[in-house]
Amino acid sequence: MREFDYRRAADAHEAVALLSGEPEARFLGGGTNLVDLMKTGVENPALLVDVRGLPLDRIEVAGDGALTIGATMTNSDLAAHPEVRHRYPALAEAVLAGASGQLRNMATVGGNLLQRTRCGYFTDLSRPCNKREPGSGCSALNGEHHNHAILGWSEHCVATNPSDMAVALAAFDAVVRVLTPEGSAEIPLADFYLPVGDTPHRETALPDGALITGVTLPAAPVAARSRYRKVRERASYAFANGSIAAALHVEDGTVRDVRIAFGAVASRPWRAREAERALIGGPATPEAFAAAADAELAAARPLAHNGYKVPLIRNLVVSTLTELQEAAR
Amino acid sequence: MTSTRSTEISLRVNGETHSLTVDNRTTLLDALRERLDLTGTKKGCDQGQCGACTVLLDRQRVNSCLQLAVAAEGRDVTTIEGLADGEELHPVQQAFVDLDGYQCGYCTPGQICSAVAVIEELAREWPSAATDDVRRPPAVSEEEIRERMSGNLCRCGAYVNIVRAVTQAAKNEQVNA
Ligand SMILES: Cc1cc2nc3c(=O)[nH]c(=O)nc-3n(C[C@H](O)[C@H](O)[C@H](O)COP(=O)(O)OP(=O)(O)OC[C@H]3O[C@@H](n4cnc5c(N)ncnc54)[C@H](O)[C@@H]3O)c2cc1C
Ligand code: SF4
Ligand code: FES
Ligand code: FES
C-alpha cells in the first residue's frame, strides 16, 4: 500500500477545504470499501480526510415529513431508526440485507453510495478493466460475468452497482446533498449514477472533491407499505444476484401508486419506470404484475452467462407485489 | 502542507491507554497484534469477509482488519482479552465452553466478540434481515442469531453449537435484564 497522509475534519467545510486542490486525496468514511481497495492497489490515495467524526450522523425530519439522512450515519443506525423502519421499511430491509453486522457498524451512508463494483476483474490488477484503467478493455464482456448487468450496459463495461441501500433510495426518489468549495447542491439519485457509455470509470455526477453531506427522502405515504427482496448465492452475507425494492398502494383493486427499483442488474440502481407506468390505474393482479415486469425487461440484453437474471427479476416483481397486496388486505 | 505519513495516537484498549506512533497504513488488527501483543484477535482474510478480526469499538462490533488504527484514535477498543472479569469468564465465553461452541478455536475470539455485541443489539431492539416485520422489536430466536452471526465464518463448521451458545447467552441476558 502506498504511504498516505491522514487528516480529520471537524466540520463539512473543513473537510471540503482539506480535500480541495489534492487530486490524489479521498474522503474516508467507514473505510470498508476504500481500505479494502487500497490493500489490493486499486486505490492509491496520497491523503485521507476522515469524515467519520463529522456531525452528519443523524436523521432530520422536515415539517412536510421528508427525511434527511446524514452522510456519516452508519448503515446500522440508519436501519435501526424508527422513522426509517416505520415509514420506509424497504430501506431498512435493504440496508440489513447488505454486508454483515460488523461492516454495517462501520459503513456510512455516503460511503455506501460510492462503493465500487464487485466485478472480479476490477480488483485483479493483472487483467484489463476499463473501469480501473480506461481504454484497457473489458475482461468480463467475454469472460466471467454470471453476476453482471442485463440492463444499460455498454461493450466498455458490464459491471453492476453492488449497493442494496441505493436500490431502496432509487425507489423513493432520494436526492443526494453535496458540498463543494463553491457551495451546496442537490443531485437527484436518478441523475447521480451516470450511464456507462464509453466512460465506465466516471461513475457519478458528484463534482470532483465534493463531499456528500446527506440524502433526502421526500415524504412518500406509499413507502410505508414497502419491501426489499434480495436473491443471492447463500442465505446471508453475500452480494445480490438480483433484488427489488417495491411499494404498492391499491384502492378497490386498482393500483393508485407503485414504486419499483431493481438491484444487481445494471451499473446503477434500476428504477423500473416502464413497469410502474404499466401498472398505474390498472388492476392489481399477478397477471398485471407479470406484464409490467415484461414491459420493463423488454430492454434487457443478458450476456452469455447471466440470462437467469431475467426470469429472476420477473419472479421477484410478481411475488413481491403480490405479497404487498395481500398484506394490505 | 507538512507530510505526516505516520501519526502519534493513543488507543484505549481493554481500559488501558497506550501511546504509540503508527504508520498511517496500519490497521487496528495489526496494531493490536504486532504492537500491543494482543494476539487473541485473529487475522483470517484481512478483507472484511470472515469476521475473525472482530473487536468492539465504542462497544460496537467492527472488523479490525478494515479499521485504520489512526482512525480509531480516541475510541474505546475491547478485544477478547478484555471480556473476562479476572478469573471469571464473560457469560458468552462461558456459554461457548459449556456448549462446545468451537473446534480449532481460530474463529472463536471473533465469534465471541461478535456475539457479545449481538446480544446488546437485540437488547436495543435493532432489526435484522431475519426480522419478519422491521417495525416491530425482533425476537430472540435461533433464526435471528444465525442471521446476525453471519459475518463470522467458521472453517471447522462449528455453527450448530455456536448458534446454541449464543442463543443461550442471549436468553439468559433477557432473563437477567
Ligand atoms: C465482505 C463485504 C461484504 C459486503 N456486502 C455487501 C452487500 O451485500 N450489499 C451492499 O450493499 N454492500 C456490501 N458491502 C459493501 C459495503 O456496504 C460498503 O463497503 C460500505 O457501504 C462503504 O461505506 P464506507 O463508509 O465504509 O465507505 P468508505 O470505504 O469509507 O468509502 C467508499 C468511497 O466513498 C467515498 N466517501 C465516503 N464518504 C464520503 C462522503 N461523505 N462524501 C464523498 N465521498 C465519500 C470514499 O472516498 C470512497 O471512495 C460489503 C463489503 C464487504 C467488505
Ligand atoms: S465489467 Fe467493468 S469493471 Fe468489470 S472488467 Fe469490464 S470494465 Fe472492468
Ligand atoms: S480478518 Fe477481518 S474479516 Fe477476515
Ligand atoms: S472453530 Fe475452527 S474455524 Fe471456527
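1. Strand 2 (25-28), helix 7 (109-113) and strand 8 (211-217) of chain A each contribute at least two residues to the shell around ligand 1. Helices (H or I, at least four residues) and strands (E, at least two) are DSSP runs, numbered from the N terminus.

2. This is a predicted model, in which local features need pLDDT of at least 70 and side-chain atom pairs count only at pLDDT 80 or more, while totals for chains, interfaces and linings use all residues. Residues are numbered from 1 along each chain as its sequence is written, chains are lettered from A and ligands numbered from 1 in the order in which they are written, and side-chain values use heavy atoms, without hydrogens and water.

3. Ligand 1 lies between chains A and B. Of the 33 residues around ligand 1 (a heavy atom within 4 Å), A:Phe27, A:Thr32, A:Leu34, A:Thr108 and A:Asp164 come nearest.

4. Oxygen atoms of ligand 1 lie 2.8 Å from a polar backbone atom of A:Gly30, 2.9 Å from a backbone N or O atom of A:Asn33 and 2.6 Å from a polar side-chain atom of A:Thr108. Taken alone, ligand 1 exposes 980 Å², of which the protein buries 95% (Shrake-Rupley method, 1.4 Å probe).

Methods. Polar contact = N/O pair within 3.5 Å; in protein donor to acceptor, adjacent residues only side chain to side chain.
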